[in-house]
Structures are given as structure tokens and as C-alpha cells.
Amino acid sequence: MTNEQYLNFLLMVGGGASETIDSDYQAVLDRSTALGYTAPSAASQTLQNTLVTDLKNAGVWDKLDVLYVFASDGGDSDFACLNWKAPTLYEATKVSSPTYTNKLGFTGNGTSSFINTQHTIGTNSTKYTQDSASFGVYSQSDLSVAANNYPVAISSRSALKRTNIASGDNRINSNSPSPTISFNADTGLVGMNRPSSTQVQALQSDGTLGSLSTATAQSIQTNELFFLSYLSSNFSTAQVSLGWAGGHFTSTEWDDYVTAVDNYLGAI
Amino acid sequence: MIVLKATQTQFDALDGYKNGDNLLKFAKDGNDNWIVGLQVLDDSAFEPIHDQLNELECIDYVPIPDS
């Protein structure tokens, strides 16, 4: 029985006769099979399928350039590197052995390890643009701690350094000086949002958007999207379960995104 | 924290080694040394270069000053 047949069987047995495997999630499973990776458990696959459909129903999926779901139950670290938006493109590289933990994701060592998505913002991205952009991570770690600096970063104009930092180092398409962008929580799904050419805000893990701050958009510095490192010169000890880059989110989209991810990670 | 330090010759030989989704890449520490974390020694992806990694010098990590 193939992965698809088994998953459909489980969905049917589980009472979800109307549920089917989303074609984009099936493409992730197919890529995993083709490369010989270890896919998550059947139960985890069902949850992942739900995550994809939830993101689609919320209008979030279409805003993403890349989506990496690092955490699963039973999937190996190679499966965790697949880009769910386009499984044959931008498979992430594990640089210098970040630690992989089942159900949680990747942890950096603070000295040299990180995740390189190989997705170059400004070259490969179509949703992430100068005036409409977002990026972020789900962090299991306290992002107010300096050792966890830079759970996600692209360039000196686009980085999330620390949730409580009292400087302009949390940026998205803006250069120094940038406004201070702080967050109301230090774990969970967080990110940076640029809804216009003149404003930026925090994407907060309680599902709300932070206050809008003025920061004129500057041209995108073309760089690869990294998790757990800033320009491969600063390294984080954070543990990250999911990450993305794409266009900006409305308040409703962001709230639905947080709910979908929280539901998924809470269930695996 | 203990990390592994590479000489320039070791760096030239090992940096950029790739096996599947796994890449070995040295970073600079606060003393301008090429270093990498101890985790690479236990990574099965780097088994083919394990002997060379074992020859790297163990040193105390010197953080890069926060900019």
C-alpha cells in the first residue's frame, strides 16, 4: 500500500470520509518517497494534511514563497528540510549539524550550525516583495534570550534578532535606523510583517499584529533565507519547529495562521 | 564551551564537504579562528570524514562580540 493509499485509508477509518489528501501535501510525501526519506507517522501525516488545508482555507498558503515544517512525529531530519510550497525546490541544507529532535525540530549550537533554505530572497521569491513581505519561525525557545538571537534572518535589512530588543535590529526591508519592534511573547509563531511601503510590525504568537511603525521600504538585499543564523556569522541556540517567508499578512490571516500551526504542533 | 578549531590547511580540505542535505561549514570565533561545533563528530552524514574531524583541535569557544 502506498503512502497515499494508507493515508486515505486512515482518513476514511477516522470518520473523515469527505477528507482527501491535499495535492500539495501529497507532493511533499511523493518527494520524500522519491528521495528515500523517512516520512512522519500516519497520524502525523493526517495532521500535516490538515495543516495544509487550514492554511489554504485561511488564504495563508498562497502568500508563502517557502514553508518548512521542521517538526513532525516520526519524520527524519531530511524530511524536515523539504519546502512544502515546492518540494522539488529549495530543500534546506543542515549546516554543521544542527540537532534534530522528534516533534520539535532543529536546535542550533550557537557557534556554527544553522539551516540554509537555499531560497534566495529577492531572486527566487515572488510573494516576498519590497513593499509586501513577511518571514518568521515557530520558536520553542525564549527569544528574549541573547543566546537565541537570530532564529531567522535574511540580510542586514531583514532579520528577527530578539523579541525584546530595544533597538531597530528587528527589520524587514529597512535599513538602520529602524524603529524598535518588540513582541508581547517570546515563544511560538513569531515574525516580521511589512504590509506597505512605509510600515512594519511584529507578527505575534498570540495571533495579533503588533503596532504599526514607520519604516520606509528599501530595496531587497538578495540573500538566502537562514534559520538559526544571521549571515552565517552569528548563530542561535534556539529550537525552531517551522519557518517561512512570503507576502504580508492581514490580521485575520495571521490569527488563522497561528491557530493552524498551534493546532498542528499541539497535536503531534 | 568546547569547539573544534581548524588550521587553514584543515579548513581548505574540509570546508564545504557535503553529503545529502548536510554541509560542513566552519565559522569564525571571536579570535578569528575557523571553528565548528562538536556535534559534527556524532553526525553520521560526516562519517566519511570522521578521521579528519577527529584531528581538529579542541579549544574553548570565544564568542564574537554582539554587534
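Biologist: Which residue is the bridge partner of K94(A) in β3(B)?
Modeller: That's N22(B). Keep in mind that this is a predicted model.
Biologist: Fine. How many bridges join β2(A) to that strand of chain B, and do they run parallel or antiparallel?
Modeller: Two bridges, and the strands run parallel. The chain B partner, β3, covers residues 22-23.
Biologist: What's the strand order in the sheet they sit in?
Modeller: It goes β9(A)-β8(A)-β7(A)-β13(A)-β5(A)-β2(A)-β3(B)-β2(B), an open sheet of eight strands with mixed pairing. The edges are β9 (171-172) of chain A and β2 (18-19) of chain B, each pairing on one side only.
Biologist: OK, on to the interface. How much area do chain A and chain B bury between them?
Modeller: About 1,500 Å², with 43% of it on carbon and sulfur atoms. S96(A), S97(A) and T111(A) supply 32% of what chain A buries against chain B, more than any other three residues.
Biologist: And how many residues does each chain put into the contact?
Modeller: Chain A gives 23 residues and chain B gives 20.
Biologist: How many salt bridges across it?
Modeller: Zero by the rule used here. What you do get is nine residue pairs in polar contact between the two chains, with both residues at pLDDT 80 or more.
Biologist: Which strands of chain A each supply at least two residues to that side?
Modeller: β2 (93-95) and β5 (114-121). β2(A) gives the most, with three residues.
Biologist: How does chain A's side divide into nonpolar, polar and charged?
Modeller: Six nonpolar, 12 polar and five charged.
Biologist: New topic: β16(A). Why call that strand largely enclosed?
Modeller: Because eight of its eight residues, 239-246, are buried, so the rest of the structure largely encloses β16(A).
Biologist: Which strand pairs with β16(A) over five bridges?
Modeller: β1 of chain A, residues 64-69, in the antiparallel sense. Within that part of the picture, V66(A) has A245(A) as its bridge partner in β16(A).
Biologist: And what about β4 and β6 of chain A, how many bridges do they make to β16(A)?
Modeller: β4, residues 105-107, makes two bridges to β16(A), antiparallel. β6, residues 133-139, is joined to β16(A) by six bridges and also runs antiparallel.
Biologist: Which residues of β16(A) stand opposite T107(A) and Y138(A)?
Modeller: Q239(A) stands opposite T107(A), while L242(A) stands opposite Y138(A).
Biologist: Last one, V52(A). Where is it, and is it buried or exposed?
Modeller: V52(A) is in helix α3 of chain A, residues 42-57. V52(A) counts as buried because its relative accessibility is 1%.
Biologist: Which residues does V52(A) touch, leaving out those up to four places away in sequence?
Modeller: D22(A), Y25(A), W61(A) and W84(A).
Biologist: How far apart are V52(A) and Y25(A), in sequence and in space?
Modeller: They're 27 residues apart in sequence and 6.8 Å apart in space, going C-alpha to C-alpha.

Note on methods:
Residues numbered from 1 in each chain as written. Chains lettered and ligands numbered in written order. Predicted model: local features only at pLDDT ≥ 70, side-chain atom pairs only at ≥ 80, totals over all residues. Heavy atoms only, no water. Helix = DSSP H or I, 4+ residues; strand = E, 2+ residues; numbered from the N terminus. Buried < 20%, exposed > 50% of the residue type's maximum accessible area, 1.4 Å probe, protein only. Contact = heavy atoms within 4.5 Å. Buried area = accessible area lost by both parts, 1.4 Å probe. Salt bridge = Lys/Arg side-chain N within 4 Å of Asp/Glu carboxyl O. Polar contact = N/O pair within 3.5 Å; in protein donor to acceptor, adjacent residues only side chain to side chain. Nonpolar A, V, L, I, M, F, W, Y, C, P; charged D, E, K, R; others polar. Pairing = 2+ DSSP bridges.
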